[in-house]
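Subject: Structure handover

Hi,

Here is the structure for your files. My notes follow below it.

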Amino acid sequence: MLVLAIDTALDACAAGILDTDDGRLIAQETLPMKRGHAEALMPLIARVIESAGIGFTALDRVASTAGPGSFTGLRVGLSAARGIALAANKPVVGVTTLAAFAAPVIGEDRKAPVISAIDARHDQVYFQAMSGDGAALIQPRVAPVAEALAASRFGAPHLVGNAARLLADRWPAHAPPPVAVNQQAAPDIAWVAWLGAAVSPDAAPPRPYYLRAPDARPAGDVLLKPRALAAS
């Protein structure tokens, strides 16, 4: 399977093409950025497609991060993914950003829980907690940092995400310290691709995954309720 993965949810604009038969990304590019995803994404995708030496019709699936993340960034990536999939007549899926952050460490140390956290500002985080083998301990939610820190009750965790350091710096003194802190501005595009290859299009629609209403939205836009994606 050839999967085009796209990520514009946070502070990067990234795309990659995964060849599941070969077990690797055959082309990828990531540009760190806080703004400008709309202008950067399509030229970046064109370069990745050219580097892979394929056409869009050779793809088997398109995947995009669906959130949580920047309201504008999410729509840029999801719109591009849906447009490419429609033009190429291919299925398209959404992958949660929290799951993409957690995926590299799930199963790495089955004794350590994994807390995936994204800065939601105003002393809040988007987060979820999983056991080391991926079982849900706390479902994805937006909550005060203090609530995320209460997940220390599950034991010394592996912290991942762009709020990993924020949680580590405020970790309760009475709790076992985190076993590892993986602070990342954005998820690895390779894991977006692998999750995109694994989920069912019926269970992981390419729609914004909102855990709270955006700070601003276009007139007439209808917010979608959070839904559990297969990638979360």
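What percentage of the 232 residues in the protein is buried? Buried residues make up 52% of them. Buried means under 20% relative accessible area, exposed over 50%, and partly exposed in between, with a 1.4 Å probe and protein chains only.

Ground rules. This is a predicted model, in which local features need pLDDT of at least 70, side-chain atom pairs count only at pLDDT 80 or more, and totals for chains, interfaces and linings use all residues. Residues are numbered from 1 along each chain as its sequence is written, and side-chain values use heavy atoms, with hydrogens and water left out.

Confidence. pLDDT is the predictor's confidence in each residue, from 0 to 100. The protein averages 91, and 91% of the residues score at least 70. Residues 216-232 stay under 50. The model still has 39 contacts (heavy atoms within 4.5 Å) beyond four places in sequence for that stretch. Where pLDDT is low, the predicted coordinates should not be read in detail.

Overall shape. The protein has six helices and 10 strands. These are DSSP runs numbered from the N terminus: helices are H or I with at least four residues, strands are E with at least two. The C-alpha trace spans about 55 × 45 × 30 Å along its principal axes. Among contacts between residues at least 6 apart in sequence, 58% join residues at least 24 apart.

Helix H2. H2 covers residues 71-88. Its 18 residues reach 26 Å from first C-alpha to last, close to the 26 Å expected at 1.5 Å a residue; the expected span is 1.5 Å times one less than the number of residues. Its buried residues include Phe71, Leu74, Leu78 and Ile84. The buried residues of H2 pack against strand S1 (2-7), helix H1 (37-52), strand S4 (61-67) and strand S5 (92-96). Just after H2, Asn89 takes a positive phi of about 60°.

Strands S2 (residues 12-19) and S3 (residues 24-32) run antiparallel, joined by eight bridges. Strands pair if DSSP finds at least two bridges between them. Ala14 stands opposite Thr30 in S3. Four residues lie between the strands, and Gly23 takes a positive phi near 75°.

Asp7. Asp7 lies in strand S1. Asp7 counts as buried because its relative accessibility is 0%. Leaving out residues up to four places away in sequence, Asp7 touches Ala12, Cys13, Ala14, Thr65, Ala186, Pro187 and Ile189. The C-alpha atoms of Asp7 and Thr30 are separated by 8.9 Å.

Best regards
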